Amino acid sequence: MVSAQPTTVYLLPGKLLEVPVNAWHLRYTSTSATGSPNTVSGTLLVPKAGYPLGARPIIGYAVGTHGLGDQCAPSVSMSQGREAELALVSLFLLKGFAVAVTDYEGLGTPGTHTYMAGVSQGQAVLDSIRAATRVSGAGLSGQAPVGIMGYSQGGASAAWAAQLQPTYAPELRLRGVAAGGVPADLGAVARHLDGGADFGLAAAAGIGLDAAYPELDLEADLNDRGRALLADAADDCLGDLGKLAGLRFADLSPIDLLNQPKWLARLAENRLGAVAPRVPMFLYHARGDQTIPLAVGSTLRSEYCRAGVNARWTALPAPDHVTGAVEGGPLAIEWLALRIVGLPAFGNC
């Protein structure tokens with residue numbers, strides 16, 4: 001099922017994109033982390049100018065953390081001129097590529113956003129590309145070359161899409177995947193964030209995984225303070241999660257949540273690296289990343305290399321997580337564009 005309604009996308013409030021585009025707000029069928037059909041929203045951007053080199057390429061662009069409430073969805077922020085990642089998306093549009101941007105499960109559609117549930121996020125990305133090829137008037141082909149890119153939450157989503165594509169969407173002509181600042185091991189990231197400035201991200205991931213896997217029943221394991229704080233955070237956007245800075249899981253629950261067998265099982269299931277993508281991968285990470293430790297990204301690189309993946313790794317001089325997106329984004333886009341046009345990839349394992 002795909003429904004597509006024309007929409008307008010703004011780079012800044014009242015300012016259209018530099019590249020004239022046709023844009024659609026999408027609702028399409030995807031699959032939850034536990035295998036149930038769901039409906040996901042997103043946005044499709046297609047340059048108005050023709051593409052001279054055959055079928056117009058399609059990029060599945062996976063955004064980083066936006067938050068948990070529907071008002072945080074990228075489709076909403078794009079329509080209001082407050083979507084920072086359009087700066088990178090625009091670089092694809094300038095090349096004549098179409099870009100599909102998923103809102104992910106539960107962000108812009110009913111239900112709680114299954115934040116950081118990797119299988120759900122990867123499938124939402126792959127299905128956004130499938131949906132793009134079915135939009136009447138978009139002029140996109142199911143035989144188009146495809147690329148996928150994302151950073152942070154989007155980097156995890158892109159890597160999950162790469163791992164899932166051979167079995168979940170084998171018909172897509174995927175040429176390469178660029179994934180940056182990847183929180184590949186959620187358990188390691190959660191332990192790193194515990195008690196720190198970005199603890200709100202760990203709490204949000206707890207809410208997201210609990211929504212994806214009902215048997216986790218997070219609320220039952222929280223104390224009164226934890227229940228109140230997480231209920232308050234359940235519709236927050238990224239900027240609001242800072243109010244949880246400095247907290248620890250021990251402040252929210254009388255038990256050691258991360259070491260509960262039910263959590264260990266789902267965290268292991270959502271750990272990237274167990275399946276080797278079949279397409280070239282560009283992995284990049286800021287050396288000074290305070291949110292996702294560099295070691296988490298480099299471990300994923302090592303596991304992919306051991307599995308024979310054609311992987312290119314770049315450790316950026318960037319001093320923090322956000323700067324890593326800014327420094328690495330253009331590099332990733334250029335790498336991906338070369339894969340799209342068929343040039344070979346050279347890894348550095």
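Author: A polar contact is a pair of N or O atoms within 3.5 Å; within protein, one must be able to donate a hydrogen and the other to accept it, and residues adjacent in sequence count only if both atoms are side-chain atoms. The model is predicted, so local features need pLDDT of at least 70 and side-chain atom pairs pLDDT 80 or more, while totals for chains, interfaces and linings use all residues. Numbering starts from 1 along each chain as its sequence is written, and side-chain values use heavy atoms, without hydrogens or water.

Start with Thr-102. Its side chain reaches the backbone nitrogen of Tyr-104 at 3.0 Å. The side chains of Thr-102 and Tyr-28 form a polar contact of 2.8 Å. Thr-102 sits in strand β7, residues 98-102. (Strands, E, at least two residues, and helices, H or I, at least four, are DSSP runs numbered from the N terminus.) The relative accessibility of Thr-102 is 1%, so this residue counts as buried. (Buried means under 20% relative accessible area, exposed over 50%, partly exposed in between, with a 1.4 Å probe and protein chains only.) Leaving out residues up to four places away in sequence, Thr-102 touches Tyr-28, Val-40, Ser-41, Gly-42, Tyr-61, Val-63, Pro-74, Ala-124, Val-125 and Ser-128. (Contact means heavy atoms within 4.5 Å.)

Gly-187 and Thr-102 are 85 residues apart along the chain, and 25 Å separates their C-alpha atoms. Here we reach helix α5, the part to study closely. Helix α5 covers residues 186-193, and its buried residues are Leu-186, Gly-187, Val-189, Ala-190 and Leu-193. Why do they line one face of the helix? Seen down the axis of α5, they fall within an arc of 165 degrees, so they share one face. (The arc is taken over the directions from the helix axis to the C-beta atoms.) What does this buried set pack against? The partners are α6, α8 (249-252), α9 (261-269) and α10 (294-306).

Asp-185 caps the N-terminal end, with a side-chain oxygen 3.2 Å from the backbone nitrogen of Gly-187. Gly-195 follows α5, and its phi is positive, near 85 degrees.

Glu-303 has a relative accessible area of 17%, so it is buried. Beyond four places away in sequence, Glu-303 touches Arg-271, Leu-272 and Gly-273.

Leu-272 also lines the largest cavity, together with Met-116, Gly-118, Ala-156, Trp-160, Pro-183, Ala-184, Leu-186 and Asn-270. (On a 1 Å grid over the protein atoms alone, a cavity is a set of points where a 1.4 Å probe fits but cannot get out; a pocket is an open set with protein on both sides within 12 Å along at least five of seven lines; lining residues have an atom within 4 Å of a point.) Leu-186 is one of the buried residues of α5. (Points are joined across faces, edges and corners, and volume is the space filled by probe spheres set on them.) Its lining has 7 nonpolar, 2 polar and no charged residues. (Ala, Val, Leu, Ile, Met, Phe, Trp, Tyr, Cys and Pro count as nonpolar, Asp, Glu, Lys and Arg as charged, and the others, Gly among them, as polar.) A search of the whole structure finds 1 cavity of 30 Å³ or more.

Helix α5 also meets open space. The largest pocket holds about 940 Å³. Its lining has 48 residues, and the closest to the centre are Thr-65, Ser-152, Leu-201, Leu-238 and His-321. Two or more lining residues come from each of α2 (86-94), α5, α6, α8, α9 and α11 (321-340). Which element gives the most? Helix α6 does, with 8 residues. By class, this lining has 34 nonpolar, 11 polar and 3 charged residues.

Ser-152 lies in the loop between β8 (145-151) and α4 (153-168). With 12% relative accessibility, Ser-152 is buried. Its phi is near 65 degrees, positive although Ser-152 is not a glycine. Most residues other than glycine have a negative phi.

Last, follow α6 onward. The loop between α6 (199-212) and α7 (224-233) contains Asp-217. Asp-217 also has a positive phi, about 45 degrees, without being a glycine. Its relative accessible area is 40%, so Asp-217 is partly exposed.

Methods
The arc is that of the directions from the helix axis to the C-beta atoms.
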